[in-house]
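Work through the exercises below with the sequence and the structure open. Each task is followed by a solution in steps.

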Amino acid sequence: MLSFLIFAALAAAVRASFEGNINYDSPSFNHAVLGIDVPKVKARHLEKRDYTGWNTSSLNFTHGVASGDPYPDSVILWTRVSPFVENDASNITVEGTVPLYSHETERYIRASTRPICVDWRVSANRNMSGAVVTTGRAYTTSDIDYTVKVEAKGLEPFTSYYYQFNVCGASTSSPIGRTKTAPAEHDETPIGLAVYSCSNYPIGYFNAYGNAARKDNVDYVLHLGDYIYENRAGVLGRDPRASNPPRIIFTLYDYRTRLAQYRTDLDLLLSHQQFPWIPVWDDHEVANNGWRGGYSTMNNTEESFVRAGGISVDQRKMNAVRAYFEWMPIRQASLDDNLRIWRSFKMGKLFDLLMLDTRHYDRSITTLGWNDDYIYEISNEASRTLMGSNQENWFYRQLSESARRGATWRIIGNQIVFSRINTTSWIGTFENPYNGDQWDGYMANRNRTYQHLYDNNIGNNIMLAGDSHANWVSDLVWFDESDYDPATGAGAVGVEFAGTAVSSTGFGRNISQAINQSRYLVRDNSELQWSEGYYRGYFELQISREKIDASYFGCPTVAIRNPFELSLANFTVMAGANHLQRPVAGGTVESGYLQTGNVRQTNLSYNTQTGQYLYTNYSQMWITYPPAT
């Protein structure tokens, strides 16, 4: 009887601990079949009654800590604890009668027979001293690549907390992370955001992530996608930042390994450790130029299947999505179909944050390298959609509900440039002047968005974008339907802030060429107030009831790790104005080109580590590689 009671108590504790790790769950609350089969995992381990089989000295927190998706009373905490730095090699294609997108792999892989137990706790103190605010226990196994993701609940709104994971019964601890909850519903306290996109590990160091963390002027990090890239560069063993795996990635193991490699960058680790993130994917988390039927280098044909080593479009997406949910500190989204990442956050009464998926969720065909002219011909067809019907209608409802509840601003995080951009002087032609992979290739979808904003008198809209590897700042204008005055901004319905890449390549081989290209782009687009394409970096938004200040920062080089940045340009949007304050950027920018104003290059850089200013002069922006041998 005593042994039975001990076993029952153990089973109850294990049940709670496994279910405490939400990485076993489906990415969708409405699709439980997409999760790991926890009863099978529990049964597998209870049969062996082996919960302390690991030598605790062999366990390490291999990739730091992270937090994200803050609510007023809770936040997601993440870590990875494993006896191996390498990722789980389970990689057999799911076949047969398993439900679509199921994460249940018990029949196909040889999973670990020894789960790892971790305790976690949250404190109000930086050194984790004093009373514990909340705590919990969770298990992890090879089924989820030894990742741990928990929801810390019972927290106070808009409050900074510190958290740490420990191996159960051992002294092995993770680094201490810092996080912050979202504001209460009616709070209007100013908020700071750092906004990033497009970090390509082999191309350059992620200095931009570390710069904002060292300055510590923001509350949250938004990432608009291309957190990883699926292609390859460099040679492992020769080049310090060569891609791992050393190939284009397709399998679950591939995507886990690539994510793990990116998480070794010291500045990315610092950013995750210091700020809660609110991320969304772009295309390269799966593959380039994604749409509902494939990618630019892969489609649903037998030839493509064979070329990819026996991986189909749908299987590749499932592999990438599973790894992303394992490794990113994000919540499950409640949805009715597919694998949804689009979601919203109420940041007090100051703003509503709407994070869209304009890449993978039921997107109509995009440019694939061979069909650019065709996409231009059909770009204004009413049937074309970037988001799919479900998401698009959700988006419009969210905009209306935000305005009705009295939120001052609507901040929209999307992947691709929303504004009309005539690129004839850059990548377009006179016959096809637009980039069909951006909203320009989905004009009817963009017009429906504008119509909803104008018809419902919804103002104070700020569109955010990444993807293009360049900086763009525009008034949001519905051409042919509204009278727009470029000199004053009258007739606009908001502002778009689009940011450059953390490290991915931009335009212009040098600064002067990039400035000249920006001059032509600004000339050809009346609503485009500033363009800049040379520097890698990010931008910060300081948001209050009265205004939004946007500050753009550029890294003088990403070819080496360094803490320097330049202040490229600063913009202001006053509440109720719905356009950039004039004179735009105060009439002066460091680089790029203004619609009206001056460019004054100084190379005066700020050292985010020491707080000192100095002049820098780097001739190489990106890492370059010799040919593979």
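**Exercise 1. A surface patch**

Task: Find the strand that holds Leu604, and name the nonpolar patch that Leu604 belongs to.

Solution. 
- The model is a predicted one. In it, Leu604 sits in strand β26, which covers residues 604–607.
- The relative accessible area of Leu604 is 34%, so this residue is partly exposed.
- Together with Tyr613 and Tyr615, Leu604 makes up a nonpolar surface patch, and the accessible area of the three comes to about 380 Å².

**Exercise 2. The disulfide**

Task: Locate every disulfide in the structure and state which parts of the chain are tied together.

Solution. 
- Searching the whole structure gives 1 disulfide.
- Its partners are Cys117 and Cys168, with an S to S distance of 2.0 Å.
- The angle about the S-S bond is -65°, and the link of Cys117 and Cys168 is left-handed.
- Cys117 belongs to strand β3 (residues 116–123), while Cys168 is in the loop between β6 (160–167) and β7 (177–180); the pair therefore ties together parts 51 residues apart in sequence.
- The cut-off for buried is under 20% relative accessible area. Cys117 has 8% and is buried; Cys168 has 16% and is buried as well.
- Two further cysteines can be checked against that cut-off: Cys198 is buried at 0%, and Cys555 is buried at 1%.

**Exercise 3. Salt bridges**

Solution. 
- Arg448 is in helix α10 (residues 443–455) and Glu392 in helix α9 (residues 388–405), so the bridge ties together parts that are 56 residues apart in sequence. Arg448 is partly exposed at 25%, whereas Glu392 is buried at 6%.
- Glu527 lies in the loop between α11 (511–523) and β19 (528–532), and Arg420 in the loop between β15 (409–413) and α10, so parts 107 residues apart in sequence are tied together. Glu527 is buried at 1%; Arg420 is partly exposed at 24%.
- Lys153 is exposed at 53%, and Glu151 is partly exposed at 26%.
- Salt bridges also link Asp282, Asp283, Arg359, Arg363, Asp437 and Asp467 in a network.

**Exercise 4. The open sheet**

Task: Which strands stand at the edges of the 8-stranded sheet, and how do β17 and β19 pair?

Solution. 
- The strand order of this open sheet is β13-β14-β15-β16-β18-β17-β19-β24, and the pairing is mixed.
- The edge strands are β13 (343–347) and β24 (593–594); each has a single partner strand, so one side of each has no neighbour in the sheet.
- β17 (residues 471–475) and β19 are antiparallel partners over 4 bridges. Val473 is opposite Trp530 of β19.

**Exercise 5. Helix α5**

Task: Which residue caps the N-terminal end of α5, and which residues of this helix are buried?

Solution. 
- The cap is Asp265, with a side-chain oxygen 3.0 Å from the backbone nitrogen of Asp267.
- The helix runs over residues 266–274, and its buried residues are Asp267, Leu268, Leu269, Ser271, His272 and Gln274.

Technical notes. Residues are numbered from 1 along each chain as its sequence is written. This is a predicted model: local features need pLDDT of at least 70, side-chain atom pairs count only at pLDDT 80 or more; totals for chains, interfaces and linings use all residues. Side-chain values use heavy atoms; hydrogens and water are left out. Buried means under 20% relative accessible area, exposed over 50%, partly exposed in between (1.4 Å probe, protein chains only). Helices (H or I, at least four residues) and strands (E, at least two) are DSSP runs, numbered from the N terminus. A salt bridge is a side-chain nitrogen of Lys or Arg within 4 Å of a carboxyl oxygen of Asp or Glu. A polar contact is a pair of N or O atoms within 3.5 Å; within protein, one must be able to donate a hydrogen and the other to accept it, and residues adjacent in sequence count only if both atoms are side-chain atoms. Patches are made of residues with over 30% relative accessible area and no salt bridge: like charges are joined within 9 Å, nonpolar side chains (Val, Leu, Ile, Met, Phe, Trp, Tyr) within 5 Å. Accessible areas come from the Shrake-Rupley method with a 1.4 Å probe; for residues, only the protein chains shown count as cover. Two strands pair if DSSP finds at least two bridges between them. A disulfide is a pair of cysteine sulfur atoms within 2.5 Å.
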